[in-house]
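Take a moment with the sequence and the fold before reading on.

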Amino acid sequence: MVTVDDENTIYEDGAVLVADDEIRDVGPTAELESKYDADETVDASGRVVIPGLINLHVHSGFIRGLAEDLPVWEWLVEHVDPTHRALRREDARAAYELCYAEMAKAGITCTLDMYRYMEEAAEVVDDYGLRAVLSPYVADRDGFEYFPSVQDNVDLVERHHDTADGRVKVWFGLEHIEYCTEAAYRRVADLAAEYGVGIHTHGEESPKKAQELTDKYGMRPIEVFEDWGILSPKTVVAHCVWLTNREIEVLAETDTSVAHCPTSNEKLASGVAPVPKLLNHGVPVGLGTDGIKENNRLDVIQEMKNAALLQKVHRLDARAIPGEQALRMATMGGARALGLDDEIGSIEAGKQADLVLLDFQQPHLSPHFGAENVVPNLVHAAMPSDVETVFVAGDRVVDDGDFRSGDQDAIIENYDEKAKALVERRDNEEWA
């Protein structure tokens, strides 16, 4: 049992007591068996138990494998924005159903999602028994009228924040500084404070765009965000690949969090985020997959490995981002960024029972040396197919590898149908 508590405690023969939706106790198996008489016992022999993984930046959506081999801004203009123009509510529903099922089967129990028609997301999260923080793709510059407005975001907060027994939260989302005006940023800063919720937006992935914005505003992008009032302990900025030392200091001073998306940054040739510098400055960093169109998998296990390897090869330093740090970013790092570190992110008494059991009786996960190599093998060798059981708030959402909350075949069939119709409408410029 890999707890990811403050001491990185690992129990080679451990047990966890769950009552209702909460972890009541954790420790050596013999100790807990002597103290409690459980109504039900789950035999996790040959399994490794970890906290539920947290996906700190994702876009549910479509066009997996249909928007390839382009840098980020060319890719956005040619593929992503035209697809958004053609998107309908029923498409978004199908995307949420498939993407959340994919994430659950990969051990992701909580996600920070930025997409559209997010009322549908709130319903799917509730139906599936998962957790999510929803932040719509708000945009208000000319030409982006098909995105949600700030008022749409307000309505979503008022209707869905803290619903589904607290498993659904709603934040304010700002797509990108090229999509949103200064007025939108300033208004969202005020509204987030008024409603007591967070803000999610994109930092820079492209060095060219970072320089263009600096030339336009006379300051670096993160400094613009500070000037416009959106940085705070309740703000998560995605990517942040091209940061100056001063921008890192601003993030640290404002206690703003960063969602690091290594696979997406690699695929779009964006660059390497300065994660070790961020961590050394005390900036909370979690891991995100980004969307299926820029990653092709919603898999935080993959992100742990890529987060570690990317820094090692970039810095020519084999000690950069050890496995324990990668795992912490995928769990407690994300929990802290979301302000949920008192509830999720580690296996500790008093927290929600979000637990993932991985089958370590696999060739690629052998040999077993207990605490000595369990975390390195988890980070560098595990795969979503090893996820056997997933609990969220004490309820099974994945059992023996099967997604319990919906008919997987029907979800895939509906999604494929919606995707093909969406792409046809997009290509024919049928925006209605």
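Does Thr83 count as buried or exposed? Thr83 counts as buried because its relative accessibility is 8%. Buried means under 20% relative accessible area, exposed means over 50%, and partly exposed lies in between (1.4 Å probe, protein chains only).

Before going further, know what you are looking at. This is a predicted model, in which local features need pLDDT of at least 70, side-chain atom pairs count only at pLDDT 80 or more, and totals for chains, interfaces and linings use all residues. Residues are numbered from 1 along each chain as its sequence is written, and side-chain values use heavy atoms, leaving out hydrogens and water.

Now place Thr83. It sits in helix H2 (residues 72-86). Helices (H or I, at least four residues) and strands (E, at least two) are DSSP runs, numbered from the N terminus. The side chain of Thr83 reaches the backbone oxygen of His79 at 2.7 Å. Leaving aside residues up to four places away in sequence, Thr83 touches Ile63, Leu422 and Arg426. Touching, or contact, means heavy atoms within 4.5 Å.

Move on to helix H4 (residues 118-128). Its buried residues include Ala121, Val124, Val125 and Tyr128. An α-helix has 3.6 residues a turn, so residues three or four places apart point the same way. Just after H4 comes Gly129, with a positive phi of about 80°.

Next, find the sheet. Five strands form an open, parallel sheet in the order S8-S9-S10-S11-S12. Two strands pair if DSSP finds at least two bridges between them. Strand S8 (172-174) and strand S12 (285-287) are the edges, each pairing on one side only. On average, neighbouring strands of this sheet are turned by 25° against each other, direction ignored. Axes are lines fitted to C-alpha atoms, for helices over the stretch in contact, and angles run from 0 to 180 degrees between N-to-C directions.

Look at one pair of strands. Strand S11 (residues 257-260) runs parallel to S12, joined by three bridges.

Which strand gives the most to the lining of the largest pocket? S1 does, with six residues.

Terms used. A polar contact is a pair of N or O atoms within 3.5 Å; within protein, one must be able to donate a hydrogen and the other to accept it, and residues adjacent in sequence count only if both atoms are side-chain atoms.
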